[in-house]
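Here is a quick tour of one structure. Have the viewer open and follow along.

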Amino acid sequence: MKKTLFKALSVLRAFLFLLPAVVGLLLYWILPHYPAFTEAVFSRGIFRLISVPLGMVSSLFPFSLTEIAAVAALPALVFLLIRFLRRMKKAESRARLMAKAGKAVGWTLSSALLLYMLLHGLNFNRLPASELMELDTSAKSPEFLQAVCIDLAQNASAIRKELPQDDNGNVMLDGSITDVLWRAGQGYEALEEQYPFLWGVVNRGKRVHLSPLWSYTGITGMYFPFFAEANVNTDQPACDIPVTAAHELAHTRGFAREDECNFYACLACFHHPSADYRYSGYLMAYIYCSNALYAYDQELWLATRAYCSQGMQADLLQRNEYWEKHEGRVQEISESINNSFIEIQGDDDGVLSYDRVVELLLAYYEKEALV
């Protein structure tokens, strides 16, 4: 009996490294069925307990910890592999060393899975933005969509006049990249009293110095949950940088769905005290809504273009030319990976989920009677 118990405990001990992964996967399977519980206990409780101190520490560094980790990852893996092979040559028991190394890798991967779930993955299962903000996302008429597009274009065009532009007629940001990214959280601060769930401590975006290469993947920004860090591609057109920073900050506040982060980013930009953020938010919202209108009725869409100022149209052209220049196989692979990643989280629309922001924008315009 004792021998059997001892063997059972030995087996259990040998596979103990799987425990974090098992906990993470159980939460992944169970919480989607209880969004209200996930919202109250996890997203507004456990997630904040872990991410807030992590975000406070990472925000102290003026550079992207994510970028440093990405650059250092390959040399670190090569170093560990060489060290392991050297120890294998000297080891008396190679099987024991292999088992020890395997267990270390197992603990690392298993713990990383649980930590990812706690810092991001489980937020896919919280209450949707439509419920949190009491928005009616039912289908709206094409005429209402057109009216929203016109209002967005008018706002963007008016704000565009306040901003400087370069020799090519494209908008310039109000200050250095560092200054602009420092101001990323101010739009959320303006919304926190009305929507307390948008509260957060990470209020700055981080510049990625490898942005020129990053653009070939089609990535404009990235939230890295292990550092609670909002990383921004600063090589993209200036008009997109503020709203991208606001999008990544939405992730740091516990929102995982891409359509909702797009929506919150636009909303935060609308209420931002800086003109460059307001312009970026209205421009991005116009792009999403006008694309939806174009897909439905090109004549209605064409009528909205008359409300786009010359400067606004120059920025739209710059965006198209920039991303066309970076199209290619790398971007296709990157989008495929991103699509699979989003689908794994339980969103069957994959990257198409980014476009659902239109439903939320229309519902917000209707609730606030903005048109």
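Is Ala369 exposed or buried? At 60% relative accessibility, Ala369 counts as exposed (exposed is over 50% relative accessible area, buried under 20% and partly exposed in between, with a 1.4 Å probe and protein chains only).

## Ground rules

This is a predicted model, so local features need pLDDT of at least 70 and side-chain atom pairs count only at pLDDT 80 or more, while totals for chains, interfaces and linings use all residues. Residues are numbered from 1 along each chain as its sequence is written, and side-chain values use heavy atoms, with hydrogens and water left out.

Ala369 sits in the segment after helix H17 (357-367); helices here are DSSP runs of H or I with at least four residues, numbered from the N terminus.

Glu134 also has a positive phi without being a glycine, near 55°. You'll find Glu134 in the loop between helix H6 (129-132) and H7, and at 65% relative accessibility it counts as exposed.

Helix H2 covers residues 19-30, and its 12 residues should span 16 Å at 1.5 Å a residue (the expected span is 1.5 Å times one less than the number of residues). The end C-alpha atoms are 16 Å apart, which agrees.

Which residues of H2 are buried? They are Pro20, Ala21 and Gly24. They cover an arc of only 95° around the axis, which puts them on the same side of H2; the arc is that of the directions from the helix axis to the C-beta atoms. As background, an α-helix has 3.6 residues a turn, so residues three or four places apart point the same way.

## Salt bridges

The count comes to 11 salt bridges, each being a side-chain nitrogen of Lys or Arg within 4 Å of a carboxyl oxygen of Asp or Glu. Arg160 and Asp315 make one of them, at 2.7 Å from N to O. That pair links distant parts of the chain, with Arg160 in helix H7 (residues 142-160) and Asp315 in helix H15 (residues 310-325), 155 residues apart. Both Arg160 and Asp315 are buried.

Glu39 pairs with Arg44, with 2.7 Å between the closest N and O atoms. Here Glu39 is buried at 3% relative accessibility, whereas Arg44 is partly exposed at 36%. Another bridge joins Arg183 and Asp179 at 3.3 Å, N to O; Arg183 is buried, with a relative accessible area of 10%, and Asp179 is partly exposed at 32%. As for networks, salt bridges that share partners join Glu39, Arg44 and Arg126 into one.

## The cavity

How many cavities of 30 Å³ or more does the structure hold? There is 1. On a 1 Å grid over the protein atoms alone, a cavity is a set of points where a 1.4 Å probe fits but cannot get out, and lining residues have an atom within 4 Å of a point. The largest cavity has a volume of about 80 Å³, meaning the space filled by probe spheres set on the points, which are joined across faces, edges and corners.

Its lining includes Phe47, Trp199, Tyr223 and Arg253. Helix H3 (residues 35-58) supplies the largest share of that lining, 4 residues. By type, the lining divides into 7 nonpolar, 3 polar and 2 charged residues (Ala, Val, Leu, Ile, Met, Phe, Trp, Tyr, Cys and Pro count as nonpolar, Asp, Glu, Lys and Arg as charged, and the others, Gly among them, as polar).

Methods:
1 Å grid on protein atoms, 1.4 Å probe; cavity = no way out; pocket = protein on both sides within 12 Å on 5 of 7 lines; lining within 4 Å. Helix = DSSP H or I, 4+ residues; strand = E, 2+ residues; numbered from the N terminus.
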